Amino acid sequence: MIDMIPHVAELLAPLGTQIELSWQDTVVNFPLIVLSVPSNMATTSGGSEMLTNITVQVDAYTLDKKDTADLAAAIDEIMTPAGFTRSIAQPLTEGDLERCLMQYSCTVDFTHENILI
């Protein structure tokens, strides 16, 4: 099974934002990016993964709607050229927090190293 989270965290690191692998009971700073994988589906042949379709959820949190929109746009400017296709970008307000829930999918080949574009 392919773990895409470290790759995505590395891609987004230049944004200089705290990145967490899931929302935890931890001290956070805003802006904040939370990564999760709601889907990791393999196509197999002869007992080996040949293609893997992966969906990565990227949640961008800030305290301001415009800051959230700007962070979401910056995330998209990194993820799309890296071979990911965005399927959703939904702004949400959660109490004092502004959030943009984004899901990106990609297909990885049998080497587990190459995203097919």
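A residue is called buried when its relative accessible area is under 20%, exposed when it is over 50%, and partly exposed in between, using a 1.4 Å probe and the protein chains only. Lys-66, for example, is exposed, with a relative accessible area of 53%.

Before I go on, some ground rules. This is a predicted model, in which local features need pLDDT of at least 70 and side-chain atom pairs count only at pLDDT 80 or more, while totals for chains, interfaces and linings use all residues. Residues are numbered from 1 along each chain as its sequence is written, and side-chain values use heavy atoms, with hydrogens and water left out.

I will start with charged side chains. Side chains of opposite charge can pair when their charged atoms come close. The rule here for a salt bridge is a side-chain nitrogen of Lys or Arg within 4 Å of a carboxyl oxygen of Asp or Glu. By that rule there are five salt bridges.

Lys-66 is in one of them: its side chain meets that of Asp-70, at 2.8 Å from N to O. Both residues lie in helix H2, four residues apart, which is about one turn of the helix. Helices here are DSSP runs of H or I with at least four residues, strands are runs of E with at least two, and both are numbered from the N terminus. Asp-70 is partly exposed, at 40% relative accessible area.

Next is the pair Glu-98 and Lys-65, with 3.4 Å from N to O. Which parts of the chain does this pair tie together? Glu-98 lies in strand S5, residues 97-108, and Lys-65 in helix H2, residues 65-79, so the bridge ties together parts that are 33 residues apart in sequence. Glu-98 is buried at 11% relative accessibility, whereas Lys-65 is exposed at 55%.

Arg-99 is buried, with a relative accessible area of 13%, and Glu-94 is partly exposed at 32%. These two also belong to a network of salt bridges that links Asp-59, Glu-94 and Arg-99.

Now the nonpolar side. In soluble globular proteins, nonpolar side chains tend to be buried together. A nonpolar core, as used here, is a set of buried Ala, Val, Leu, Ile, Met, Phe, Trp, Tyr and Cys residues joined through side-chain atoms within 4.5 Å. The largest such core has 22 residues, and those with the most contacts inside it are Met-4, Val-58 and Ile-75. Helix H1, strand S2 (32-45), strand S3 (48-62), H2 and S5 each supply at least two residues of this core. S5 gives the most, with five residues.

What does Val-58 touch? Contact means heavy atoms within 4.5 Å. Leaving aside neighbours within four places in sequence, the contacts of Val-58 include Leu-12, Ile-33, Ile-75, Cys-100 and Tyr-104. There is also a second, separate core of five residues, including Val-28, Val-34, Tyr-61 and Leu-97.

Cys-100 is buried at 7% relative accessibility, and Cys-106 is buried at 5%.

Two residues in the loop between H1 and S1 are worth a look. Thr-17 sits in that loop, between helix H1 (5-12) and strand S1 (18-20), and counts as buried at 11% relative accessibility. Beyond its neighbours within four places in sequence, Thr-17 is in contact with Pro-31, Leu-32, Ile-33 and Leu-71.

Leu-15 is in the loop between H1 and S1 too. Is Leu-15 buried or partly exposed? Leu-15 is partly exposed, with a relative accessible area of 27%. Not counting residues up to four places away in sequence, Leu-15 touches Ile-33, Leu-71, Ala-74, Ile-75 and Ile-78. Leu-15 and Ile-78 are 63 residues apart in sequence but 9.5 Å apart in space, C-alpha to C-alpha.

That is where I will stop. Questions are welcome.
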